Amino acid sequence: MLGLLIDFNQDWAKAASALVFVFSQKLATADDGSLSKPIRNHSFDTGTAWGYLALQSLKSGYFAHGMTGVHFERVSAELAAPEEYHFEAAVAIGRLGNKDDLSEKLREREIPNNRKPLSEIAFEGSF
Ligand SMILES: Cc1cc2nc3c(=O)[nH]c(=O)nc-3n(C[C@H](O)[C@H](O)[C@H](O)COP(=O)(O)O)c2cc1C
């Protein structure tokens, strides 16, 4: 499955304990087992679930790192995903590694990340 990631992600994600491919379900299952009714919020729900996965990972002593650097066009076919599933993102889960084990290029990225001020990401009224 590592080959479904772009080269850059393969470089570091190969050391992860688990590589998870997250799918959302686009159609609801009716009582008779049929799939017909669209779930409009499938990506929202799955994104929420991923957020909790990240928090639970941390609580359990792991780190979870979301990625969209994935060969999207290949994932559904290679994982034989049924039509009603939409691939969202990949997640690498593992213990915190040693920075010195990384290539120089990757090591340079291991610096604290700045967060945008709230005023840049939320505002009152319309766009
Ligand atoms: C939509 C999205 C896609 C991302 N894709 C990748 C990716 O393919 N590879 C990667 O190393 N980081 C990717 N990231 C960044 C990491 O998931 C993470 O958010 C970033 O390293 C910040 O980490 P921090 O929260 O510990 O500062 C992506 C982030 C977002 C929001």
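I began with the overall dimensions: the protein has a radius of gyration of 18 Å, whereas a compact globule of 127 residues would have one near 14 Å. I took the radius over C-alpha atoms, and the globule rule is 2.2 Å times the number of residues to the power 0.38. The C-alpha trace spans about 55 × 45 × 30 Å along its principal axes.

A note to myself on the source: this is a predicted model, where local features need pLDDT of at least 70, side-chain atom pairs count only at pLDDT 80 or more, and totals for chains, interfaces and linings use all residues. Residues are numbered from 1 along each chain as its sequence is written, and side-chain values use heavy atoms, with hydrogens and water left out.

Next I looked up the secondary structure, and found five helices and five strands. Helices (H or I, at least four residues) and strands (E, at least two) are DSSP runs, numbered from the N terminus. From that end the order is α-β-β-β-α-β-α-β-α-α.

Then came the ligand. I listed F8, N9, W12, H65, G66, M67, T68, G69, N113 and R115 around the ligand, each with a heavy atom within 4 Å of it. Both α1 (7–13) and β4 (63–67) supply at least two residues of this shell.

I checked polar contacts next (pairs of N or O atoms within 3.5 Å). The side chain of H65 places an N or O atom 3.0 Å from a ligand nitrogen. A polar backbone atom of G66 is 2.6 Å from a ligand oxygen. For T68, a backbone N or O atom lies 3.0 Å from a nitrogen of the ligand. The ligand taken alone exposes 630 Å², and the protein buries 48% of that; these areas come from the Shrake-Rupley method with a 1.4 Å probe.

Last, I searched the whole structure for salt bridges and got one. My criterion was a side-chain nitrogen of Lys or Arg within 4 Å of a carboxyl oxygen of Asp or Glu. R74 pairs with E78, with the closest N and O atoms 2.8 Å apart. Both residues sit in helix α3 (residues 72–78), four residues apart, which is about one turn of the helix.

Notes: Polar contact = N/O pair within 3.5 Å; in protein donor to acceptor, adjacent residues only side chain to side chain.
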